[in-house]
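Hi,

Here is the structure I said I'd pass on.

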Amino acid sequence: MSGVGSNFTVLAVITAISYLFLGWTATLFISLLWFICTEGRYRSVLVNIKMAPRDLSTSINFLKYAFTIKYWEWKGWTTPQVLLVHANRHPDKAAIVHESSTFTFSQVEEYSNRVANYFKAQGIKRGDAVAIFMEARPEYVCLWLGLSKIGAVSALVNTNQRSNVLAHSLQVASCKAVIVGTELSSHIKEILSSIPDVDIYLTGKDKSKVDLKGKDLDSGLQSSSTDPLPKDIALAKMTDKFAYIYTSGTTGLPKAAVMTHCRFMFMVVSTNKVVNITEDDVVYDPLPLYHTAGGLLGIGQALLCGSTVVIRSKFSASNFWNDCIKYNCTVAQYIGEMCRYLLALPEKPEEKQHKVRLIVGNGLRPQIWAQFMKRFNIERVGEFYGATEGNANLMNGYNKIGAVGYVPWFAVPVYPVTLVKADPETNEPIRGENGLCIKCETGEPGILIGAIKKSQPSSHFSGYADKKASEKKIIRDVFKRGDEYFNSGDLLVRDECGYYYFKDRTGDTFRWRGENVATSEVEAVISNVVGLRDAVVYGVEIPNVEGKAGMAAIVDEQKQLDIGQLENGIKNSLPSYARPLFLRVIEQVPLTATFKLKKLDLQSEGYDPSKINDPLYFMDAKSGKYVTLTPQLFQEIIEGKQRL
């Protein structure tokens, strides 16, 4: 007899005897006690009891979020209609603050209406893509919001992109036009031959000094109508896309991830409810507006939830707390690297004179979590996890150090995000004899996946503008035939309390300076610079530093590599975050029996000159040049004495 059958037989006997001699009340109590104590269930019950306050709070927050989204869905609203509610409710309240400029909710509404009317007159139609390539300021938000009112899709281009990468970003989204900030106009001029059919609209100061032909957007908007376009807005559905957010992938060039209204709403409102951000809060958002975290999650607290959001053109560690004091901020956004920068600064009174009670972001390392909260007097951390294009999102709003989120035991059926076992060499899910994937046990690392459910808008996978790239992120026949899951490509681990912890990224990307670096893109640049020699790029860890620093192993059989030439080529072709910090010159690339590069071997060997005989170099931050990596320099890097 099987273990399960035997257990049920024993339970039946116990129930019968208890009923005969003790009655139903005692029988129920004894049966429950037996069930709990069998097969170690008591441990699970005790954990659930311990987590009950957290799980009750989570349930309440989920109901608040679900009611809000369902109400908007019932009303048929998208982002512009929700904003209009706030604009009507408190028209003169500050929505977006930037330096000395403030846009009230009514001004955001009026400016975005000007944008909608102007571009409609220019012939931009529903579904057309318009790129936005400019530094952060309130107008940036109003531009994509206005374009969404006529059904256009804004491609929010990373301002660090240059040359062929920039051209690719416009091409992959099939952009009909590009809005260019005068401060970045020279970079568009460099690629004009690659985008001959793309209309150019200039915005910003000193247009007379710009050597780029295009329409004057600012003067056009001044004469444009502020009247709303209710008929155009009413045509939109929650599942419609309104933006492309660029994310690095294993192909080496940026992918245009699709952002829909419902995904935007889910992301913003769920975060808002979990960490309790209110309309009275002032949110400090020093992150780039072309990224999901700053440009959507942060800005969404104003557009969808009615808070005031303070933005900054570029992050400044020395001004972080000064800004929070100046603008009376009560909530601040972060990425892990920023937290390290702030901790590295000398202590000053301002860092505890602010009103910030909550920080929200991702990548806060467990090693500095408690230290950060104590030093800067932060009550609460809202650490989240989520891929721009994915549906597997998590959030830890309860100060659980190191956790990126959690899923209560009772929520697993309705929020099917889980971990599956993966092959460490291929990064592919491991399948059992039945051909289906295998769930990870508690404490076992695995790939995070999220169920794709057509019946639930928040579980949709919108993917990328490139359909083939989207297809690669979907796993089929996971737990039953015909099901579909989004593959995050990230390794996480789950503890018995339902908390998830980030372990590593699979595939050919790593994260540095808050950016995803595509190794194949960097490999292609290096190979071109050094005369098409083979090059392998991978991420390596530096103690107490967020993310992984780039390292390149370059083949130089003839020992003719010109480090100076390589250095200049890298600087001219790659943004700062993608430039390898370490170089290793090797005689040949190690290959597997199937001719695959052994990146894992190189990665595990790292950059310790006492263990590696090959020439090693390090990019010195002061000179900007590659210098020989000596044992002394290595020690300084490990001890945090070298500027990175």
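A quick definition before the notes: a residue is called buried under 20% relative accessible area, exposed over 50%, and partly exposed in between. Please also keep in mind that this is a predicted model.

Let me start with Y71. Its relative accessible area is 34%, so Y71 counts as partly exposed. You'll find Y71 in helix α4, which covers residues 52-75. Y71 also belongs to a nonpolar surface patch, together with F67 and W74. Between them, the three residues have about 430 Å² of accessible area.

Next, a helix pair. Helix α5 (residues 79-89) packs against helix α12 (residues 261-274), with the axes 10 Å apart and an angle of about 45 degrees. Angles from 65 to 115 degrees would be roughly perpendicular and those under 35 roughly parallel, so α5 and α12 are oblique to each other. On the α5 side the contact is made by T79, P80 and V82, and on the α12 side by H261, F264 and M265.

Of the 644 residues, 54% are buried. Among contacts with a separation of 6 or more, 67% are between residues 24 or more positions apart. The accessible surface comes to about 29500 Å², and carbon and sulfur atoms account for 54% of that surface.

Cheers

Conventions: Residues numbered from 1 in each chain as written. Predicted model: local features only at pLDDT ≥ 70, side-chain atom pairs only at ≥ 80, totals over all residues. Heavy atoms only, no water. Patch = residues over 30% accessible without salt bridge, like charges linked within 9 Å, V, L, I, M, F, W, Y side chains within 5 Å. Areas by Shrake-Rupley, 256 points an atom, 1.4 Å probe, with all protein chains shown as cover. Salt bridge = Lys/Arg side-chain N within 4 Å of Asp/Glu carboxyl O. Helix = DSSP H or I, 4+ residues; strand = E, 2+ residues; numbered from the N terminus. Buried < 20%, exposed > 50% of the residue type's maximum accessible area, 1.4 Å probe, protein only. Axes fitted to C-alpha atoms, helices over the stretch in contact; angles between N-to-C directions. Parallel < 35°, antiparallel > 145°, perpendicular 65-115°, else oblique. Contact = heavy atoms within 4.5 Å.
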